[in-house]
Amino acid sequence: MLFAATALHAQASLPLAAQVSLLTDPLARDAALTAALGGAALGALGAWAVLWRAAFFAHAAASLAFPAAVAATALGAPIALAGAAVAALYGAAVGALAGSRRSLRGGPVPDTATALAVVAAFALGVIAAGILAPSGVGLEALLFGSVLATGSGDRLLLAVVALVALALHLALRHAWLAIAWDARAAAALGLPVVALRSAGLVAIAAAIGAVLPSLGSLLAPALATLPAAAVLAVRASVRALAPLAALTAAASGALGVAIAFALDLPPGPVVALVAVAVYAATVALATVRSKGGATAAAPAHWG
Amino acid sequence: MTAVPASRCPRPAAANDTGASAARPPTPAAARADASGSAAAAPSHRQPLVEVAAATFGYAGRPVLRDVSFTVEPGSAVAVIGPNGSGKSTLLRALAGELAPLAGTVRTTHRPAYLPQDSRPRSDIPLSAFDVALMGTLARRSLWRPPRRGDRRAAHAALAAVGLAELRDAPFAALSGGQKQRVLLARALAQGSPLLVLDEPFAAVDAAAAGELEELLLSLREQGHGLVVATHDLASARRFDRVLCLNGRQLAFDRPERALTATTLAATFGREALVIEGSGRAVAAAAPHRHSGHGER
C-alpha cells in the first residue's frame, strides 16, 4: 500500500462513523498512529525550521514535493521517494544560496524566491494532476494526505523518518542552536555554518517529502512548523523545544484524527486545524501572561 | 609555529578529548597544551602568538589594507585604531582565519577567539548567560559531541573570569549592554585560545561599562592572554602595550606614547581628527562612528 497510487483514493470512499473510539476501532487507531508518527518526525526537525526563521521554506519544500508526487503517482513510482528527493534538492539549493553574506548575518531565507517556488510548484502540480487525471491522481489525498488509507509500511516509513530526525537533532542540536542564535558568531567559532544549515534544510525538506503520501503537502509543513512555533510562543526552554514540538505535533495528529472520527470529517484538514488551534491558544496564553506581568520561564541549560 | 595563510589557521584540538584537559579553566597555558596535544609542542612563553609580515589584505583581489607588519606576544595587548574603512575589521578577520592575505604572511600559533563586530545575537531565542558561554566550547569539540563536564566547567570559569558567575542563569536578552559584552567575552574565553581578537568590544556599551570592560581585558592580559582589540577610544588605546594605527596601510606600530603623536594621529584620522597639544600629550577625537555594535535582533 505504501507506494500504490490507488491508495490515494481510499480516503474519500472510506465510511467515517461518528463516535468511534480510537481504542476499539483498528482503522481509527491506525490513522491516529500514522498522524502521531508523522507529527513526531516533522515536529523535531520543524523546530529547527522555526528557529532558523525558515517556516516558509518548509511550506515551499512541501509545495515542490507536490508535483513530484503527482508525477510519481501517475507513473506508479514511489511517492515518498520522489517527494523526498525533490524536496531535498530544493533544501540543498536553498542551503547553498543561504551561504550568502546577508544570510550568514542571520537573515531569513529570501521570502520572495520562496513564495515564487510555492506558487509555481502548486500550479505545476495542479496542471499535472489535470493532465494525468485518467491515471488516477487524487488531489485531495496529495494535499491533505491519506491517513485512513495507510498501511504498516507507511507507518514503518514514518517511524524511520522520526528516528532519523531524532538522531539528527541529538547529534547537531548544539551547532544548529549556535547558528540560529547568531550565525555570524557561529562562523567566528569556526563552525561550518553553510554546510550545517544546508544539512538541516535538506533533512527538513526530505522529511516533509517522505511523509507526503501519508500527510499531504499542506498538512506536512503545518505539522512541521506550527507545534514548534506554539512551544516557542510560551518561551519554553530551547533545550526542550524540539522534543516538546515533536510531542505537540504527535498529539495534534492523534487528536485531529479522533475529532475527525467523532464528527465524521476528513482527518487531514482537521489535524491541520488542531495544530492551528494549539498555536493560537499558546499565543493567547503568552499574551495573557505578558499582560499579567508574568515573567518568561527561565531558560534551562542547553545540554 | 608554522607559516600558513590566514584562512588556513589550524583549528585547535578539542580541549576535552582527554579527561585531564577537560576540567581545565580557559587559561592560555591550558589552551596551548590542548591545542598542541603535548607540552613539548607548546610555544615558549614569549613566542609571538601572531606574526604579520608585509601583509596586504583585501576582497576579490582588491587591496584595502597594505604594508602591515606586527607581532603579538603572550601577555600583551595591541589596540588597533583608525577611521571608518581604514581596514581594522579586515585585519581582524584575517587574524581570525576568515580572510587570506593577498600578499605577505600571517602566522598564528592558535586559532584566535574572535568577537566580530557584526555579530547579531537574537533576543527571541531564550538562552541563559551560561548557554552562551558554553557555545564557546563548540570551537574545540566535535560538532556532534554534547558538552561534557569539562566543557561546562570551562564555561563556568569563563563567566567567573568576566565577573558574571552569579548571573549564569539569567536570560541573555535581559542583561545590560555591558553584561552582554561580558558574556560574549566569556564565550570567547571558553574557546580556550590564548589569543583574543575583539572588534570594537566597547562600541555598544556606555562609558562606565566600557571602563569596566577595559579593566577586564587588561586583567586578561596580565593572565597571559594576547589581545588584539579594534577601538575608537584613544584614551583606552593609551593603556594598551602597543598601538597599531591604520588607514589603508599601517602608519604606526609602537608603544602608545610613541604611536599616538599628533603627527601620527593626523595621518591616521585625517580630517576626522581634532588634535590638541598640551601637557605633553596629544588627544584626538574621531568623528562619530556609525555602527550597530552587538545589537540584538
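Predicted model: local features only at pLDDT ≥ 70, side-chain atom pairs only at ≥ 80, totals over all residues.

Visitor: Within what distance do the axes of helix α2 (residues 26–51) and helix α11 (residues 238–263) of chain A come, and at what angle do they cross?

Guide: Residues are numbered from 1 along each chain as its sequence is written, and chains are lettered from A and ligands numbered from 1 in the order in which they are written. Two packed helices are described by the angle between their axes and the distance between the axes. Helices (H or I, at least four residues) and strands (E, at least two) are DSSP runs, numbered from the N terminus. Axes are lines fitted to C-alpha atoms, for helices over the stretch in contact, and angles run from 0 to 180 degrees between N-to-C directions. Here the axes of α2(A) and α11(A) come within 7 Å and cross at roughly 150 degrees.

Visitor: How are α2(A) and α11(A) oriented to each other?

Guide: Angles under 35 degrees count as roughly parallel, over 145 as roughly antiparallel, 65 to 115 as roughly perpendicular and the rest as oblique. α2(A) and α11(A) are therefore roughly antiparallel. By class, their contact has 19 nonpolar, eight polar and no charged residues; Ala, Val, Leu, Ile, Met, Phe, Trp, Tyr, Cys and Pro count as nonpolar, Asp, Glu, Lys and Arg as charged, and the others, Gly among them, as polar.

Visitor: At what angle do α4 (residues 79–97) and α10 (residues 193–233) of chain A cross?

Guide: The axes of α4(A) and α10(A) cross at roughly 155 degrees and come within 7 Å. That makes α4(A) roughly antiparallel to α10(A). Their contact comprises 20 nonpolar, five polar and one charged residues.

Visitor: How are α11(A) and α12(A) oriented to each other?

Guide: Their axes come within 8 Å and cross at roughly 130 degrees, so α11(A) and α12(A) are oblique to each other. Residues are in contact if their C-beta atoms, placed from the backbone, lie within 7 Å. Among the residues that meet are Ser252(A) and Gly256(A) in α11(A), and Val271(A) and Ala275(A) in α12(A).

Visitor: Is Ala275(A) buried or exposed?

Guide: A residue is buried if 20 or more other C-beta atoms lie within 10 Å of its own, exposed if 12 or fewer, and partly exposed in between. Ala275(A), found in helix α12 (residues 267–291), is buried, with 28 other C-beta atoms within 10 Å. Leaving aside neighbours within four places in sequence, Ala275(A) is in contact with Ala222(A), Leu223(A), Leu226(A), Pro227(A) and Ser252(A).

Visitor: How many helices and strands does chain B have?

Guide: Chain B has 10 helices and 11 strands, and buried residues make up 49% of its 297 residues.

Visitor: How far apart are the end C-alpha atoms of helix α6 (residues 177–190) of chain B?

Guide: The expected span of a helix is 1.5 Å times one less than its number of residues. The 14 residues of α6(B) should therefore span 20 Å, and the end C-alpha atoms are 20 Å apart, which agrees. Of these 14 residues, 12 are buried. The buried residues pack against β5 (113–115), α4 (129–135), α5 (149–161), β6 (195–199) and α7 (207–222) of chain B. Just after α6(B), Gly192(B) takes a positive phi of about 80 degrees.

Key. Contact = placed C-beta atoms within 7 Å.
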